[in-house]
Each structure stands twice: as structure tokens, then as C-alpha cells.
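Please read it beside the structure shown here.

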Amino acid sequence: MSETATRYGAIYWMESCGDDLTPRAPLAGDATVDVAILGGGFSGLWTAYFLLKANPDLKVAVFERHICGHGASGRNGGWCSPRFPVLIDELEKQFGADVARKTIRAQHAIVEDIGRICDEERIDAHYTHGGLLAIARTERQLASLQATYAAYDRLGLAEDSAMLGAGEAQARVRVSRVLGGMTTASGASVHPARLVRGLARAVEARGGRIYEGTEVTAVRPGQPAMLETRGGMVTARRAVVLAGEAYLSGLPGWHRQLLPISSMIVATAPLDAATWDQIGWAGHESLSSQAYTKDYLTRTRDGRILFGSRGAPYLAGSRMPEAALADPALYQPIIATLRDWFPVLRDVPIAHAWGGYLGVPRDGLPSVHFDRARGLANVFGYTGRGVATSALAGRTLAGLIGETPAYACDLPMVRAPGRLWEIEPLRWVGVRYIQNAFARIDAADFRNGGAPVDAKFAKALAPI
Ligand SMILES: Cc1cc2nc3c(=O)[nH]c(=O)nc-3n(C[C@H](O)[C@H](O)[C@H](O)COP(=O)(O)OP(=O)(O)OC[C@H]3O[C@@H](n4cnc5c(N)ncnc54)[C@H](O)[C@@H]3O)c2cc1C
């Protein structure tokens, strides 16, 4: 392994996606289409893909400020996860057992569909059917895993899951300080940038138009609805679709709908065979702990370990500067945690470190909605679990707009956008408090199994 300096702000996935990333031509002049989609990430592109698949004659166009995959879709952890954004016990509590069951089954099915579509459309997204492996590194984390398993079992959904003892978990992957684990056979990992870029090509192959370097500056609902862009005015005979997720907080009228929260990832250089022998992880599972600060790990095709965690402190006014994600100081705790998990990586170079923004709805539930009278649709709010859920949501929205056979329309996420986030500075105070409290809860738990006095309060305050 050669010594390399860490490149902060460099996105491993985009660099290794195989495209030269030259932007497609921007919109130059006014345009009229049937469906105009803001956002060239998974949500916008899945919506376009499923619309065109069912309605080949529809005129569908995607308007992307940068290039497809610039947002969270090209930078995430690569978990194509069977876990829905709302936790299973929360789904059960809010909507009842039947709806919880239906939602989880739909999520499992879409994970399989994504693999199938990659095959059909010849998208080499490194789709790897490794399932999930959640490990517990403290007693609190173990209790949390046991409660998760119990919830799946209670709903009759535990057939592909199993609890593991410490030794069994270690036999799969040698992480320091493991008390137990839970496996779930369903679930895959993907190379997200290859998926999102391949999906863009699949949309074009079906007749969709994609304009890159085209910022939408305003949305005008109505009959017809319109998008104002820097390249011209777009008239949408049937619908405009807002698929900008976290970035919608910068669009006039939408700044309190979703909270932009960052998540950050560090990636090792490729590991040699001897190091992999010591680590194990032959099953390529999507690996995580039960920490509140969310550790998520992926093994890449070229032999790197990606270690993701919660990101930078929230900035007042929902600002999302790219520069805030390139600060080396923010990544040092993540690198230290990675080396604590795998002491064998002590001297292994960290090649890439990057972050991205994801959108958190105030009530934690995504929203898939089409207001036919106003010609306005939206698809967003996955709180960091959007790789698979965006396909489920996009497919559902395509059914609503395209008037094709309804798909998953009875899930609770099919609803108008939820309540708004608090105004500033209340929002900043609350969010920063929760970010800080979660870090303290993890630290106390890891130190001696304790909890700060305000732990219950902080958990009750958090939307997820
Ligand atoms: C670091 C990180 C790790 C993550 N890990 C995982 C994971 O492992 N598994 C998982 O399931 N989820 C994960 N997520 C979440 C997941 O990536 C997102 O939920 C998903 O990609 C959202 O897709 P999207 O298309 O809705 O949004 P985005 O991918 O953010 O796309 C929105 C697009 O809209 C464009 N846009 C916004 N505003 C405008 C405008 N005004 N005009 C024109 N274009 C505009 C943006 O440029 C952007 O390209 C992670 C997120 C991050 C940031």
C-alpha cells in the first residue's frame, strides 16, 4: 500500500464511476413538456424512468443545476437497504401492524427490483447482494438490536434475519469490541454514482431529456404549472416534480420543508489481501453499529473500506456550503473511529474524505404527492435512507402522474408534505442541541455504559 495524502472533499464514487462527467447541454430558451422534473438524483431520475417505461409517448425533462449525481445520490454510503426511513416500531406505533408490514415488504421488493433493472438496462452499478450486518459494540447497542429483531419478529418479518452472538459476528467481520450482531439477508450494496449516471442514460434511451447546468430558480404551480430556470421558462402540461431533496431548502417557498443535514464518509486506499484476511467480511454485508451518530460501512469492489458517520454541525438558515464538507478537522473523529473498529488499519492511508447533504422531514416520514389541480408533485424526505426508498417513491409518483396502474399508493408516505421546520433561530438551537446530545450519548455509552442526564429528553425531541 503506497502512502497517499487524504483528499478532503474528493468524492470517491464520482471519481470512479467511469464517466468523464462533462455536463450535458443546459436549457437554452423556453420549453414545453408534459412532466418537468427538478433534480437529477435518484428521485428525479427514477420518477422519469418509471414514467417513460409506462408511457413511452410522454415528454419528460429533467433539470439539474450541476450534473446528475451531484447531490446525495452520487456521494452516499452505497447501502441499497431493506430498511425504510422510519424505524419499524415507529411505523407500527403510528400506522398499525398491517401498514408497517406492507411498507417493509414494499421496501424489500424494491431492493430486488433495482438489481433486476440494473440487469435489464445494463447498468453496471456493482449491485452486490450481501445483506445487512448490524453489530452491537455496547450493552445499550445490544439491547437496541434485540428490540429491532423483536419488532421484525412480532410482525412476522424476521424470516430473513437472525441474531448473532459475539463470536458469530466476529467470524463474519473482525471488529474490535463486539457484543453481538443481527443479520438480514435482504439488502444490497451499490456503486451509487454508477447507478445514478447509468439511470440518467436509461432515461435518455427511453426518450427523456436531461438538461444539466440548469438551475431552477422558482416554481409556479397552476394549470399549467411552470418552472423558472436560468436557461428559460418551462411549461409542464401535466406536472412539475420537485425532486431536489435537501437542496430544496434553497428554493423560494420551500426552505422550511426539509432540514439539510450532512453525513460524512472516509475511504481507505485499496487494502491488500493480507489485510483483508485479517478483517474477513467475505460476505460484503452493509455493516453498521447502533450508535446514535450512525456508523455505516461498505466494502467496495476495488477493496476499500468506506466508513460513514453523521456530519458537520447544522448551519443556521439551512445553509449548505460545499466548503463546509471539506474541512479536514471534521473527519478526524471518523478516521479515529474507523481505526478503533479495525486496529489493523492503523497505518493504512485514508485516500478520500467527503460529505453530502440529505433531507430530513420534520415528522420523519417521506412524502410522495401529486396535487393534480396545481400541477405540482414532490418526492423527498428519506433522512439518509434514500438509495432504495427513492426508487420506491419515484415509481409510486410515476403511477400517480402517469395514471398507470397504481403502485404502492396505499403506503403512508403517499401524502402531502408534512409540517414545516421551526423558524430560525429556534431551528438552529434545537438541531445543534440534538446533534451535540447524540454525540454525548454515544461517548458516555462507549466510555462506561452511562448516559447523560438529558438523554431521554434529546431522544424525545429528535424527529427520527
Ligand atoms: C454522505 C451520505 C451518505 C448516505 N448514505 C446512504 C446509504 O448508504 N443508503 C441510503 O439509502 N441512503 C443514503 N444516503 C441518502 C441518499 O443518498 C439520499 O436519500 C438520496 O440520494 C436522495 O436522492 P434525491 O434524488 O432525492 O436527492 P439528491 O441526490 O440530493 O438530488 C437532488 C438533485 O437536485 C438538484 N437540485 C437541487 N435544487 C435544484 C435547483 N434549484 N435546480 C436544479 N437542480 C437542483 C441537486 O443538484 C441534486 O443533484 C446518504 C446521503 C449522504 C449525503
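The protein chain contains 12 helices and 19 strands. With a radius of gyration of 21 Å, close to the 23 Å that the globule rule gives for 464 residues, the chain is as compact as a globular protein of that length. The model is predicted.

**Overall fold**
- The C-alpha trace of the protein chain spans about 60 × 50 × 45 Å along its principal axes.
- Of the 464 residues in the protein chain, 50% count as buried.
- Among contacts in the protein chain with a separation of 6 or more, 76% are between residues 24 or more positions apart.

**Cis peptide bonds**
- Most residues other than glycine have a negative phi, and most peptide bonds are trans.
- Glutamine 223 and proline 224 are joined by a cis peptide bond, with omega about 0°.
- Proline 224 sits in the loop between strand 10 (216–220) and strand 11 (225–229).
- A cis peptide bond also links glutamate 424 to proline 425, where omega is about 5°.
- The loop that holds proline 425 runs between helix 10 (386–402) and helix 11 (426–448).

**Positive phi outside glycine**
- Arginine 177 is not a glycine, yet its phi is positive, at about 55°.
- The position of arginine 177 is in the loop between helix 6 (166–172) and strand 7 (180–184).
- Arginine 177 has 12 other C-beta atoms within 10 Å, and a residue with 12 or fewer counts as exposed, so arginine 177 is exposed.
- Tryptophan 281 is not a glycine either, and its phi is positive at about 60°.
- Tryptophan 281 belongs to the loop between helix 8 (273–279) and strand 14 (286–288).
- Tryptophan 281 is partly exposed because it has 18 other C-beta atoms within 10 Å, whereas a buried residue needs 20 or more.

Key: Residues are numbered from 1 along each chain as its sequence is written. This is a predicted model: local features need pLDDT of at least 70, side-chain atom pairs count only at pLDDT 80 or more; totals for chains, interfaces and linings use all residues. Helices (H or I, at least four residues) and strands (E, at least two) are DSSP runs, numbered from the N terminus. The radius of gyration is taken over C-alpha atoms; the globule rule is 2.2 Å times the number of residues to the power 0.38. Two residues are in contact if their C-beta atoms, placed from the backbone, lie within 7 Å.
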